[in-house]
Amino acid sequence: MNKEEIPSIIFYDQDFVDLYDRSWVWIDELWKQGLVLDGKPVSATYISHEGQTTVNLFDNCLSSLFLGYSNQVYPPFEAIDYFYYKQEEDGAIRSDYSLEDGYPVFTEDNPEGVCLPLLPYVEYFFYHKTGNKKRLKEVVPFLEKYFDWLKAKFQKENGLFSVPVSACLTGGVPRDEAVYQLDFNTVVAINALFFSMIGDILNDKELSFRYKKLYFILKTRINSLMWDPETSFYYDLDKEEKRIPLKMISAYWTLLAEIPNDEKAALMVEKLKDPACFGTENPFPNVSADSPCFREDAYNLCGAVVPFNTYFVVKGLEKYGERVFARECAIRNIYFILDTLNPDEDKQGDTWEAYLPSREGFPSGAEDNPFFPRRKFLPQLCLMTITLMIEDVIGLDISLPRKTVNWTVPSLEVMGIERLSLKRNFISIMSSKNTRGWEIRLESEKLYYFTIEIIDEDKKKTLPIPSGKCSMLIDKL
């Protein structure tokens, strides 16, 4: 890996910068080529991990959310396209395919090989990072067939979806009675919401309307059946559609799906700040701290802090104007990752797929899974150390088709990014303090629109930035 090819970050805490840089080094070390398609090796690339025997759809969806920032050094599309190529006639795309022969791998507890469906969310992310509308047009038929398969196989008469609990990736959390899982239904709603946005991008009104209608049907069902007004929370349902009173962090997928109104969302956010609920020192455990199944050692994921949950909670908080709190939680989580990687004692540290809620370290393993927790499980880890580092710690929101770069920070600090590729355009943005005050320096090869928002100073300004180098003084805004 040539370090100059990857965008670099500037941040006042050098440990954060080092962790970001090391994440790209680990990706380079674990980057593999060669999946099997129709019995023959193909050149698709992916990130490998300890004990891996299959390539997993959900893991690759997560990986694409940080590989999209690699300046195409590590293409995020190939592994996703592999799953499209594997689509079956009825629209099925299975969660796992064998690395040895390319055939789908099924398990007794997940006989259809279903997983949390994130493909439209991922394709929407790709579009704003590449501006490639042609790709959107090409993948829509795959996405539609996949959505039709999900509905045909897993949607019930009440309009909700029911899947094997193992498809929701919550480990040993006791959910055996859950027939209508809140997280899966919410992710399907996210699927429909972002599919409708893709329809808007393609100016396909029929596509947009169809999935917007599906989204609102699911939103209504989740609000009417899964919301409990007494405890102000969303829950799984049993076979009789009764709410199961176990508070899980996956309920916060609803924020990303824009399901609760502002009043409900505010009540849910309070629980994220409550140490007796989800506001543990390392936010956010997968079950609330006051749940009977919560464990400080997070045995078999009961009470574990799982990076993909943290990522989607942070993204959901942004939807409801909680960007400062979201950033604070991301920073706290990264500090726990750093403390586990660099322990004070004379012992070797590492990174893991999950963390403890109240101290540095990783969860106790499950007896039936010798590879849990997995070391350097990058599809989870790099959501924090790369994606949230850029989007929330640094605070950048970039859209190539809109030609916009939004930079939102609570207060001015020494930070920024250099050599971030937007197609064939490289941009650099940095803030620093000099004798004239706080200055933001910008460099771009093409015109774009730059919005700076400093929350503590209640300042927000949008300016057209010409190609070349320029700077602005914050006091002049």
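Two strands pair if DSSP finds at least two bridges between them. The views below come from a predicted model.

**Figure 1. Strands β13 and β14 pair in a hairpin.**
7 bridges join β13 to β14, and the two strands run antiparallel. Across this pairing, isoleucine 452 stands opposite lysine 461 in β14. The turn of the hairpin puts 4 residues between the strands. One of the turn residues, aspartate 458, has a positive phi of about 50 degrees. Is β13 mostly covered or mostly uncovered? Mostly covered: 5 of the 7 residues of β13 are buried.

**Figure 2. Strand β13 also pairs with β9.**
Strand β9 spans residues 404-409, and strand β13 spans residues 448-454. The two run parallel and are joined by 6 bridges. Valine 405 has phenylalanine 450 in β13 as its bridge partner. Valine 409 stands opposite isoleucine 454 in β13.

**Figure 3. Four strands make an open sheet with mixed pairing.**
The strand order is β8-β9-β13-β14. β8 (396-399) and β14 (459-465) stand at the edges. Each edge strand has a single partner strand, so one side of each is left without a neighbour in the sheet. From one strand to the next, the twist averages 10 degrees. In a regular strand, side chains alternate between the two faces of the sheet.

**Figure 4. Five strands make an open sheet with antiparallel pairing.**
Here the order reads β1-β10-β11-β12-β15. Which strands stand at the edges? They are β1 (8-11) and β15 (468-473). Each has a single partner strand, so one side of each is left without a neighbour in the sheet. The twist averages 15 degrees from one strand to the next.

Methionine 415 stands opposite serine 431 in β11.

**Figure 5. Helices α2 and α4 pack together.**
Two packed helices are described by the angle between their axes and the distance between the axes. Helix α2 (residues 57-67) and helix α4 (residues 119-130) pack at an angle of about 20 degrees, with their axes 10 Å apart. Why is α2 roughly parallel to α4? Angles under 35 degrees count as roughly parallel, so the angle of about 20 degrees makes α2 roughly parallel to α4. α2 passes α4 in a left-handed crossing. On the α2 side, the contact residues are Leu57, Cys61, Ser64 and Leu65. They meet Leu119, Tyr121, Val122, Phe125 and Phe126 in α4. By type, the residues of this contact divide into 8 nonpolar, 1 polar and no charged.

**Figure 6. Helices α3 and α5 cross.**
Helix α3 takes in residues 77-85, and helix α5 takes in residues 133-154. Their axes come within 10 Å and cross at roughly 35 degrees. The crossing of α3 and α5 is left-handed. Phe77, Ile80, Asp81 and Tyr84 in α3 meet Arg135, Val139, Phe142 and Leu143 in α5. The residues of this contact divide into 6 nonpolar, no polar and 2 charged.

**Figure 7. Threonine 130 is a buried residue of helix α4.**
Buried means under 20% relative accessible area, so threonine 130, at 15%, counts as buried. Which residues does threonine 130 touch, not counting residues up to four places away in sequence? They are Phe77, Leu400 and Lys423. Isoleucine 201 is 71 residues from threonine 130 along the chain, and their C-alpha atoms are separated by 14 Å.

**Figure 8. Phenylalanine 308 is a buried residue of helix α10.**
Helix α10 spans residues 307-319. Phenylalanine 308 has a relative accessible area of 3%. Leaving aside neighbours within four places in sequence, phenylalanine 308 is in contact with Phe58, Leu62, Leu169, Trp253, Gln380 and Leu383. Glutamate 439 is 131 residues from phenylalanine 308 in sequence. The two are 35 Å apart in space, C-alpha to C-alpha.

How values were computed
Residues are numbered from 1 along each chain as its sequence is written. This is a predicted model: local features need pLDDT of at least 70, side-chain atom pairs count only at pLDDT 80 or more; totals for chains, interfaces and linings use all residues. Side-chain values use heavy atoms; hydrogens and water are left out. Axes are lines fitted to C-alpha atoms, for helices over the stretch in contact, and angles run from 0 to 180 degrees between N-to-C directions. Angles under 35 degrees count as roughly parallel, over 145 as roughly antiparallel, 65 to 115 as roughly perpendicular and the rest as oblique. A crossing is left-handed if the near helix is turned anticlockwise from the far one by less than a right angle, and right-handed if clockwise. Contact means heavy atoms within 4.5 Å. Ala, Val, Leu, Ile, Met, Phe, Trp, Tyr, Cys and Pro count as nonpolar, Asp, Glu, Lys and Arg as charged, and the others, Gly among them, as polar. Buried means under 20% relative accessible area, exposed over 50%, partly exposed in between (1.4 Å probe, protein chains only).
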